[in-house]
Amino acid sequence: MEGVLYKWTNYISGWQPRWFVLAGGTLSYYDSQEDAWKGCKGSIKISVCEIQVHPSDFTRVDLTIPGEQYFYLRAINAAERQKWLVALGTAKACLTDNRTKREKELQENTETLKTKMCELRLYCDLLLEQVNKLKEDPLGEGAAGSAETGDDTGTLVKSTCTTFLKTLEECMQIASRTFSPDLLSHSPPGSPPVAAVKPQKIKPLNQKSPYSEEKQRGSVNNSSRASAQECVESGPEQEPPSPPPENTSTGNSLVEQENKDIAEVQDVLQSSTQDPAEDEHPREEAGEAAHSDEVDHAQEEVLSSSRQSKEQQASDQNKAVPEANELESQGKQEEDQVETFFSSMSHRFSDIRLEDGKGIPTLAFLDSCYAIVPVLDKLGPTVFAPVKIDFVGNIKKVQQKLLSDPGAFPTLQSIVLHEVEMEVAQVRNSATEALLWLKRGLKFLKEFLSEVNAGEQDIHAALNNAYGKTLRQYHGWVVRGVFALALRAAPSYSGFMAALVSHEGDELKEGFTTGMQRDLAIYLPAMEKQLAILDALYEEYGLESDEVV
């Protein structure tokens, strides 16, 4: 449904007409129907808002999300308001009742998981009590019956431990059923696509350059023509010899080529020294002798020219080899530059440009957070499902705050300062609290990736060290136990590395490790800088919390 409604703006402008559109469970408004192409001025989700009818104004309807959004609207008349109420109520009812079987199972499993968590806490308290009892009455001391008492206490501790581990295993099974692989493998927005493989550009060494071959042919042909021309000049009025064939092979040896040139010169000499039989004058014999000397000199020049051409050919080939080597080296270098998960991400912390006053752009930051979520999938889509869901849930809370008024919250600092002024910053489920846990999760991922980049090949140890430095102090006994079980299912180093490539098999290439270190050296410092800015903000306003969950 769409149409004109009057929206309350402020005490100066009062009620202003706006063009409203109800579609897909969202009510959006524009300045006018003609300006709809410019984009909506604001929107509200019907599924989460309350629809209230004014008790005295029969044209007014209020849409509110407590503590978040308020839409005060007026219709043209009571009949028009009734149409909007029917449309809004129908949309809300459809969205509320449209719960699939999968969603119902999810809720049931969540309740079961909460029950099991309570049992775990009970067993944990019982186990602590039994351990303290063992400390107060150590084995081997006291009367003869102390050994039997110690055995009984040890049996109780063993039984409690077995029950605790069994319940913990049941929790993980429920989590595996609840968070199916289809749900876990669903990539959030901003996940990096698989990059295409670059074609190889290596030029084989045994491939001759067409330009080089042409140059070699031209050198041989020119030298042969020059030799023939010298022979013609030494014997005037003689018929010039035929030029050598254009397809002379450049692969013949020097000796074979010289023999061919000598044969050609001899043919020229024979044709040039043939005089008429009737001419027997002594002066002509002397001329023939002088002419014979000139021909010998021409023959030597032809042979010298042929040698020079062959030397030039060998020199050109030697020059061609470095060029081929250079092309091969360049092609190998391009081939060794392997793309990794962090170089092919669509949004990265290293791409974020801070605004004036170190302001962190909200949308760019959230997109970068979405883009790093697949790292949790690569660590284990089932066992890390609770961590991933909590991580994504915090992103969505901050995103919901941004969508409530995009123009008012361009940076993360603006969101926090707004909630500080409204005195809701430390209220549960506020955007400030969500951002607090979001930055803690990012610190965990940063510490883990730093451990791996520093050379730690034990993924379990890297995760354990990162957890101890960041999240452990905020977790209670039960959460620590669940996290410890998740760490046991961490993949091997080779398996984790294989998941961080854009194309299967790239992790086996020589350039993969170098590429990973190069990408993380750019990604991690930018991530650390933005987290440090948020830490300073939370410290300044006293928003850090030591609450244990």
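**Close-up views of a predicted model**

View 1. H12 is mostly covered, with 19 of its 23 residues buried, where buried means under 20% relative accessible area, exposed means over 50% and partly exposed lies in between, using a 1.4 Å probe and protein chains only. The structure is a predicted model, in which local features need pLDDT of at least 70 and side-chain atom pairs count only at pLDDT 80 or more, while totals for chains, interfaces and linings use all residues. Residues are numbered from 1 along each chain as its sequence is written, and side-chain values use heavy atoms, with hydrogens and water left out. Helices (H or I, at least four residues) and strands (E, at least two) are DSSP runs, numbered from the N terminus. At 1.5 Å a residue, the 23 residues of H12 should span 33 Å, which agrees with the 32 Å between its end C-alpha atoms; the expected span is 1.5 Å times one less than the number of residues. Glycine 455, which follows H12, has a positive phi near 115 degrees.

**View 2. The largest nonpolar core and leucine 442.** A nonpolar core is a set of buried Ala, Val, Leu, Ile, Met, Phe, Trp, Tyr and Cys residues joined through side-chain atoms within 4.5 Å. The largest one has 64 residues, and Phe365, Leu442 and Phe448 have the most contacts inside it. When neighbours within four places in sequence are set aside, the residues in contact with leucine 442 (heavy atoms within 4.5 Å) are Phe349, Phe365, Cys369, Ile372, Phe391, Met527 and Leu531. A second, separate core of 19 residues includes Leu5, Phe20, Tyr29 and Ile44.

**View 3. Helix H11 and its cover.** The buried residues in H11 include Leu412, Gln413, Ser414, Ile415, Val416 and Glu419. Among the elements that cover the buried residues of H11 are helix H8 (362–372), helix H10 (385–404), H12 and H16. Just after H11, glutamate 423 takes a positive phi of about 60 degrees.

**View 4. The open sheet.** Seven strands form an open sheet in the order E4-E3-E2-E1-E7-E6-E5, with antiparallel pairing; two strands pair if DSSP finds at least two bridges between them. Strand E4 (42–45) and strand E5 (50–53) are the edge strands, each of which pairs on one side only. Within the sheet, strand E1 (residues 2–10) and strand E2 (residues 14–23) run antiparallel and are joined by 8 bridges, and leucine 5 stands opposite arginine 18 in E2.

View 5. A search of the whole structure finds 16 salt bridges, each defined as a side-chain nitrogen of Lys or Arg within 4 Å of a carboxyl oxygen of Asp or Glu. One of them joins the side chains of arginine 18 and aspartate 31 (3.9 Å, N to O), and this pair links strand E2 to the loop between strand E3 (26–30) and E4, the two residues being 13 residues apart. Arginine 18 counts as buried at 19% relative accessibility, whereas aspartate 31 is partly exposed, with a relative accessible area of 38%. In another, the closest N and O atoms of glutamate 547 and arginine 428 are 3.1 Å apart; glutamate 547 lies in the segment after helix H16 (511–540) and arginine 428 in the loop between helix H11 (412–421) and helix H12 (431–453), 119 residues apart.
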